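Good morning, colleagues. Please take a moment with the sequence and the model before I go through selected sites.

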Amino acid sequence: MLCALGLALAATPTFGQIPSDPADPRACLALTTEAERLACYDQAFGRETVLTAPATDTPQALAPSLLDRRWELLPESKLGTFGMRAYQPVYVLPFVASREANQTPDSPTPGRTVTSDEGLTRTEVEFQLSLKTKAWQGVFGQTGDLWLAYTQSSRWQLYNSELSRPFRESNYDPEILL
């Protein structure tokens, strides 16, 4: 019995050693390309139909990335000009509360600094609108696109009926991107 155990251990690959038997799926670990590894696993597990990926390294054979979907980098992903698309996050937060509203906002513009309490409420609505559009496709022949973008973020005192619901703050961010 001890002899049989010794023979079994001698036939078993040691830890970290990759077996050379093509029927053993661990043999596939030594292959370097994904297509070869997939074919090896298919063969080891007895799959009759072996599917292989296209043998090309061109960007057209790859699935479009998130970056390509957002900025239309590949020729086949171009959607033309002046189609509105989302840019930064677009959201509406119907109830935003702050611990302390700035009751005396100031400005570097002369005569625009508030000296008395404005009566702003702690609760307000916050929203952001952000869009982009491609204005010029193919600035440098087949490459380079010119984009126009606009983002506006506002804090609105919607629940402050005493002050006629003013906008407490609005930030505008127009952009040109190449």
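Gln-128 is located in strand E3, which spans residues 123-140; helices (H or I, at least four residues) and strands (E, at least two) are DSSP runs numbered from the N terminus. What I am showing is a predicted model, in which local features need pLDDT of at least 70, side-chain atom pairs count only at pLDDT 80 or more, and totals for chains, interfaces and linings use all residues. Residues are numbered from 1 along each chain as its sequence is written, and side-chain values use heavy atoms, with hydrogens and water left out.

Is Gln-128 buried or exposed? It counts as buried, because its relative accessibility is 14%; buried means under 20% relative accessible area, exposed over 50%, and partly exposed in between, with a 1.4 Å probe and protein chains only. The side chain of Gln-128 reaches the backbone oxygen of Pro-89 at 2.8 Å. Setting aside neighbours within four places in sequence, Gln-128 is in contact with Gln-88, Pro-89, Val-90, Tyr-91, Thr-151, Gln-152 and Ser-153, where contact means heavy atoms within 4.5 Å.

The next site is Asn-160, in the loop between strand E4 (143-156) and strand E5 (167-177). With 2% relative accessibility, Asn-160 counts as buried. Which residues does Asn-160 touch, not counting those up to four places away in sequence? They are Gly-119, Leu-120, Thr-121, Arg-165 and Pro-166. For Leu-120, the separation from Asn-160 is 40 residues in sequence, while the C-alpha to C-alpha distance is 7.1 Å.

I turn now to the salt bridges. A search of the whole structure finds 7 of them, a salt bridge being a side-chain nitrogen of Lys or Arg within 4 Å of a carboxyl oxygen of Asp or Glu. Glu-72 forms one with Arg-85, and the closest N and O atoms are 2.8 Å apart. This pair links distant parts of the chain, with Glu-72 in the loop between H3 and E1 and Arg-85 in strand E1, 13 residues apart. Glu-72 has a relative accessibility of 1% and therefore counts as buried; Arg-85, at a relative accessible area of 16%, is buried as well.

Glu-72 also meets Lys-134 in a salt bridge, at 2.3 Å from N to O. Because Glu-72 lies in the loop between H3 and E1 and Lys-134 in strand E3, the pair ties together parts that are 62 residues apart in sequence. Lys-134 is buried, with a relative accessible area of 0%.

What is the N to O distance in the salt bridge of Lys-134 and Asp-145? It is 3.8 Å. Here Lys-134 in strand E3 is linked to Asp-145 in strand E4, 11 residues apart, and both residues are buried. Taken together, Glu-72, Lys-78, Arg-85, Lys-134 and Asp-145 are linked in a network of salt bridges.

There is also a covalent link to consider. The whole structure holds 1 disulfide, defined as a pair of cysteine sulfur atoms within 2.5 Å. The disulfide joins Cys-28 to Cys-40, with an S to S distance of 2.0 Å. Cys-28 sits in the loop between helix H1 (2-11) and helix H2 (34-44), and Cys-40 in helix H2, 12 residues apart. The link is left-handed, with -80° about the S-S bond, and both cysteines are buried. In H2, the buried residues are Cys-40, Asp-42 and Ala-44. Gly-46 follows H2 and has a positive phi, near 75°.

Met-84 is found in the loop between helix H3 (66-71) and strand E1 (85-86), and is exposed, with a relative accessible area of 61%.

Finally, the overall picture. The protein has 3 helices and 5 strands, running α-α-α-β-β-β-β-β from the N terminus on. Of its 178 residues, 20% count as buried. Among contacts between residues at least 6 apart in sequence, 52% join residues at least 24 apart. The accessible surface comes to about 13,300 Å², of which 60% belongs to carbon and sulfur atoms; accessible areas come from the Shrake-Rupley method with a 1.4 Å probe, and for residues only the protein chains shown count as cover.

Note on methods: A polar contact is a pair of N or O atoms within 3.5 Å; within protein, one must be able to donate a hydrogen and the other to accept it, and residues adjacent in sequence count only if both atoms are side-chain atoms.
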